[in-house]
Amino acid sequence: MKKIVKYMLIGVLGALAFHSCETTELDLTGNPNGLPPEQADVDFFLTAIQTRYGAVIDSLGEDAGGNVRMSDFQFRNYLNSFGPNDFDREWEAVYREILADIRAMEPLATVSEKYRHIAIANVIEADVMVTLVDFFGDVPYTEAIGALSTGNFNPKLDTGTSIYEAALALLDQAITNFTRTDAAGDPSIDFFYDGDYEKWVKLANTLKMKIYLQTRLVDATAIGKFNAIVASGNYITSSADDFVFQWGTNPVLPDTRHPNYGENYTPTGAEDYVANWLVNEMQTTSDPRLRYYFYRQVDVVPGQDGEAPNEEQLTCSLETAPQHYLDGGFTFCALPNGYWGRDHGDNDGIPPDGLLRTAPGVYPTGGMFDDDRFEIINQGLGAGGAGITPIMLASWVDFMKAEVAMLTNPASGRADILAGITKSVTKVLTFGPLDATADGSFFATPASVTAHNANVAAAFDAATNDGKWNILAQQYWIAGYGNGIGNWNFYRRTGFPTNLQPNREPNPGGFIRSFRYPANAANNNTNIAQRQDVTTQVFWDTNPPSPGFPVAN
């Protein structure tokens, strides 16, 4: 969540850079909301909306969505893992920046018939509001924008159901607007598809598919609608149509680097820990994406590969695994081959290991490719932060299709799972050369990719029905590295995978089904009653309550 404070500057500073050739009075373009109507710039608004959206999704997807279940998650109690103030900045960014700018831009764009500006804003608004529902449940919407100007300081909550319906309407409106001709010209800056509006239409349809899949437990018609879009073929089917936010390499004014790069590639080393479960899963299955996802600064971890335990560097290297870890056969504390991560729920203090722990790699962070060099990370190394925030990938769509197929017959998901893996691996491997100093002899070979796919296929064929669902979940989650929102939603929707590394705490409390409202919102809006739990289920989550679901807490 702290990432967004720094990187929201990109929206303003980046826009100034793009418009510098047109504007000499820079003080007039400091804040689009502060401009008088005659000076407002529709392109400026849209540039800010896009960059702020990219930063919000990155922050939520990396910090919250990923940490809920797949990451190291350094808390033994789910209730205390995220405080209400942890989401204040994202909440502000959505309401006071993204939506406020959209509402300010729309009338200007309408008058000048800049329909594609409106269409891009429609897509962003739909996705960001769906995401807020997925995180918090009922949230303000219809009364939220312009509330201060009307004297309404307490906008009411809209139901998650109504917001989802509004999002579908926005996406339909966007599809219509993308096909119209802009009399005054297309957007000057399109960070996502560079003016290819056929790709924007595919994205809008794919986001509708996501909504239908998300609501399948509460809408008997949802799967039919999902399948109708699949039958049309007008959705994201190729990685060439992937929806990602591309980061740059500039370190200051503005800092355009991937937020995860800026936080971890520092003189004091990495700030984040990688998840032992994820690394172990990839290492034991010879996943060809491993060296691209993670960069090792050392070749051995205390207590592994003959190395003596070290209490100062890794406290748990002198500890015994808890009984439920032993009973389940879960990896504990450390991994072989220098992968220095952290267990789910390990709340030991943070030791001085920033220059020892495994760091984010070249994908998607734009860091270093792991070629066994075991050098210490620092600013500017690897790809310099020129990574991506994945928001919707063709590989994820294959896993979505596999989920639908498996609802009827678990064996039916095989082809889509393998297609998703292939697309994911192919995309990830293109990032290796972005690290110009990497030894290419360590890049994954076609033979290793083929062998990995064959192993997954064989495991799927041999698995029970639940085992097949576990394989879908595991592969979806691995491919989702870099944005955990879809992983968390899948977990709440299906309860898979059931073989995740559990919390270090045997009784960590109810699993997070939604978050508490941001503190500023709850403290200042009388229509928001703060929750005292994280087990409240959003409208589309009708599975059994926590604790007890998902199976592997």
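Among contacts in the protein between residues at least 6 apart in sequence, what percentage join residues at least 24 apart? The figure is 76%, where contact means heavy atoms within 4.5 Å. Before going on, a word on the source: this is a predicted model, in which local features need pLDDT of at least 70 and side-chain atom pairs count only at pLDDT 80 or more, while totals for chains, interfaces and linings use all residues. Residues are numbered from 1 along each chain as its sequence is written, and side-chain values use heavy atoms, with hydrogens and water left out.

Let's start with the overall picture. The protein has 18 helices and six strands; these are DSSP runs numbered from the N terminus, with helices being H or I of at least four residues and strands E of at least two. Of its 553 residues, 59% are buried. Here buried means under 20% relative accessible area, exposed means over 50%, and partly exposed is in between, all with a 1.4 Å probe and protein chains only.

Next, the inside. A nonpolar core is a set of buried Ala, Val, Leu, Ile, Met, Phe, Trp, Tyr and Cys residues joined through side-chain atoms within 4.5 Å. The largest one here has 131 residues, and the members that touch the most others are M129, V139, W200 and F294. Helix α5 (residues 115–136) supplies the largest share of this core, with 14 residues. Apart from it there is another core, of twelve residues, including A321, Y325, A334 and L356. Back at W200, what does this residue touch once its neighbours within four places in sequence are set aside? The list runs I120, V123, F178, D190, F192, Y193 and F243.

Now for some helix packing, with α13 as the guide. Helix α8 (residues 222–232) and helix α13 (residues 394–408) have axes that come within 11 Å and cross at roughly 130 degrees. Those axes are lines fitted to C-alpha atoms, for helices over the stretch in contact, and the angles run from 0 to 180 degrees between N-to-C directions. That angle makes α8 oblique to α13, given that under 35 degrees counts as roughly parallel, over 145 as roughly antiparallel, 65 to 115 as roughly perpendicular and the rest as oblique. The crossing of α8 past α13 is left-handed, the term for a near helix turned anticlockwise from the far one by less than a right angle (clockwise would be right-handed). On the α8 side, I223, F226, N227 and V230 meet M400, K401, V404 and L407 of α13. Sorted by class, that contact has six nonpolar, one polar and one charged residues. The classes go like this: Ala, Val, Leu, Ile, Met, Phe, Trp, Tyr, Cys and Pro are nonpolar, Asp, Glu, Lys and Arg are charged, and the others, Gly among them, are polar.

Helix α13 also packs with helix α16 (residues 465–479), at an angle of about 165 degrees and with the axes 10 Å apart. The two helices are therefore roughly antiparallel to each other, and α13 passes α16 in a left-handed crossing. From α13 the contact uses S395, W396, F399, M400, A402, E403, M406 and L407, while α16 brings K468, W469, L472, Q475, Y476 and A479. By class, this contact has ten nonpolar, two polar and two charged residues.

Not counting residues up to four places away in sequence, D398 touches D416, A419, G420 and K423.

Over in helix α16 sits K468, which is buried with a relative accessible area of 8%. Leaving out neighbours within four places in sequence, K468 is in contact with M406, P410, A411, F460, D461 and A463. Between the C-alpha atoms of K468 and P497 the separation is 9.7 Å.

P497 leads us to the backbone. This residue lies in the loop between α17 (485–494) and α18 (519–524), and a cis peptide bond with omega of about 5 degrees joins F496 and P497. Another cis peptide bond joins S546 and P547, with omega of about -5 degrees; P547 is in the segment after α18. L253, although not a glycine, has a positive phi of about 45 degrees, and is exposed at 75% relative accessibility. N337, also not a glycine, has a positive phi of about 65 degrees and is partly exposed at 38%.
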